[in-house]
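Reader: I'd like to learn how to read aromatic pairs and helix packing. Could you walk me through them?

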Amino acid sequence: MYLPYHVYYMTEVKDEHHVWMRFVQSYPGQVVKTLGEAESMFHSIRAKQVALGLDLWVPFADEEEWVLVKWLIARVGQMVINEFLKLPITHHMKTSFTSKYTLMKAVDQLPHGTKWKLKRITVEGNVVSNGGQCESEELELWLQDPVDCIHELMGNLEFEDVVVYAPERMWTGDWWWEMQGRLQEGAVVAPVILASDKTVLSQFRGDQEVWPVYLTLGNISKDIHRQPSKHAAILIAYLPITKLECFFDAGRDGVEITCPDRQVRRMHPIVAAYVANFPEQCLVACCMENCCPKCTVEQDKRGDMRLSAPHKRDMTIEYLQLHSKGKLMIYSPFWVILPHNDIFQCMTPDILHQLHKGVFKDHIISWCTEIIGKDALDAHFKAMELQRVFLGVIAGAVENRVIAAVRAVLDFVYYAQYQSHTEHTLSRMEAALTLFHTNKEVFVELGVCDHFNIPKVHSMVHYTDSIRLFGSTDGFNTELLERLHIDFAKRAYRASNQCDYVIQMTTWLQRQESLHIQDAYLQCNSKCFFKVHASPVVASKDPRKPPAPARFDSALFIDD
């Protein structure tokens, strides 16, 4: 069968410039109630140094030595540090440390964040031993208190200009707005975003794995917590995750937290979103991988464009309790005791695995390749690059319904990546999905697929609702997890001796965090931030104006 030859032309279209008006609707009533003022971590550190007459660079000698320490810890392995310090040329530097041991002792004196804790838990399996009892195994759970981590995030002065305390219709999703109405007047919601992803630590030994769990807050701008260098995401646990009992009292009653502006507010940490790939979403939602972790869609209806009833928390708990009475031991999931939480609603879209690697790469490319033939597509293209030119590659080689279905999927993918949305863009996103479902049967007719009961295809029906609830998907992309694994898992593992490595990884991470806190503190003090307790004369930057006295209790920033 030969397809008619088509000639395609490209013409340049003049850009249309629209003026967008942004209307921000603030939440009615009193939302942010302050309970007083408190000292931040950096102010407490400086006050202690002043009281003891210590220098800013303590426990190190000066700025040059501090720069050397950061370079040694970040760039040089611990075994090589001793070799470096034994070089004759280093004796002329007269550093305050002479070996790796004394250097690490000095690093351990630096301010640090939340401490790591070890919990030993016993897991009973379903394998019966010779004695007739089920075999059990003792596991180590390394974790940090999530509420302490929230204190640490909100107390970071670097986030002062990027933290919000009240929901707004323009910038925050409907979830925060609705949750605010459940709390008492003056309370502040702290939307907790959890993320987890099991990762392999070693390249040649696949049995070396950890399961990191990360935490960040929706109060912090997504532009900040998407950047690993900003340290707005904290590792709170290594495999396995505990019940997080501390979230129960904190979420229900609130907890007083000192914010970046030094004001104390009562905040309610409530799990708002859970970022994970599809297998982990199913694991957290306690469902099989042939089911949807968000709704009760039937297995043979996943290819339809329809929204089914959402999973119910109480029914799921009842189902788990019923099955735990059998031979299979089922443990109570961590989200059972969390207040104001719907774990099924918390599951966020995963553009990387659901759209890029899933619908487009695994299905659309595969189907079109079968239609056209492998030789017609350039095998050197990667899926992410191919999206930009894929329509041009298949144009003229497939029938119009295939073109329409592929174009609809690509439109949906690009709309899903918008950094901000309006009802117009969401309606266009839904129209693209409708167009795909209208033309998808062409792939069955051409014999390249049998059905569309595919979990990743079904996941597309939940995108617009999730965006309305939590905002644009770029704030919940699992690509960030891949980057966090480098710092919090792989680099930490390489710094260990690969034997009993988890405790060594937590020690390494604690020291890395101490270096970051100290560096941030020194950057704050580079402007000599301090309180004025008198009324000195402040020189005016404008030579036409006379000097004016500083206001009492005002903050001065004096450059070095």
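**Rings, charges and helices**

Author: Happy to! Let's start with two residues: W367 and F452 are both buried. Keep in mind that this is a predicted model.

Reader: Thanks. How should I describe a pair of aromatic rings?

Author: A ring pair is described by the distance between the centres and the angle between the planes. In this structure there are 15 aromatic pairs. One of them joins W367 and F443, with ring centres 4.8 Å apart and planes at 40°, so this pair is tilted. These partners come from distant parts of the chain: W367 belongs to helix α12 (residues 351-372) and F443 to helix α16 (residues 441-445), 76 residues apart.

Reader: Is F443 buried or exposed?

Author: F443 is buried, because its relative accessible area is 0%. W367 has 6% relative accessibility, so W367 counts as buried too.

Reader: And what kind of pair do W367 and F452 form?

Author: That pair is edge-to-face, with 5.5 Å from centre to centre and 90° between the planes. F452 sits in the loop between α16 and α17 (455-459) while W367 is in helix α12, so the pair ties together parts 85 residues apart in sequence.

Reader: Which residues do ring pairs link into a cluster?

Author: Those are F60, W66 and F97.

Reader: What about charges over rings? Which residue has its charged end over the ring of Y165?

Author: That is R265, whose charged end is 3.9 Å from the centre of the Y165 ring. There is also K198, which lies over the face of W211 at 5.3 Å from the ring centre.

Reader: Now the helices. How do α12 and helix α14 pack?

Author: For two helices, look at the angle and at the distance between the axes. Here α12 and α14 (residues 400-416) pack at about 165°, with axes 11 Å apart. Angles over 145 degrees count as roughly antiparallel, and therefore α12 and α14 are roughly antiparallel to each other. The crossing of α12 past α14 is left-handed. Residues making the contact include L355, V359, F360 and I364 of α12, and V406, V409, L410 and V413 of α14.

Note on methods
Residues are numbered from 1 along each chain as its sequence is written. This is a predicted model: local features need pLDDT of at least 70, side-chain atom pairs count only at pLDDT 80 or more; totals for chains, interfaces and linings use all residues. Side-chain values use heavy atoms; hydrogens and water are left out. Rings of Phe, Tyr and Trp (its six-membered ring) pair if their centres lie within 6.5 Å; planes under 30 degrees apart count as stacked, over 60 as edge-to-face and the rest as tilted. Helices (H or I, at least four residues) and strands (E, at least two) are DSSP runs, numbered from the N terminus. Buried means under 20% relative accessible area, exposed over 50%, partly exposed in between (1.4 Å probe, protein chains only). A charge sits over a ring if NZ of Lys or CZ of Arg is within 6 Å of the ring centre and within 35 degrees of the ring normal. Axes are lines fitted to C-alpha atoms, for helices over the stretch in contact, and angles run from 0 to 180 degrees between N-to-C directions. Angles under 35 degrees count as roughly parallel, over 145 as roughly antiparallel, 65 to 115 as roughly perpendicular and the rest as oblique. A crossing is left-handed if the near helix is turned anticlockwise from the far one by less than a right angle, and right-handed if clockwise. Contact means heavy atoms within 4.5 Å.
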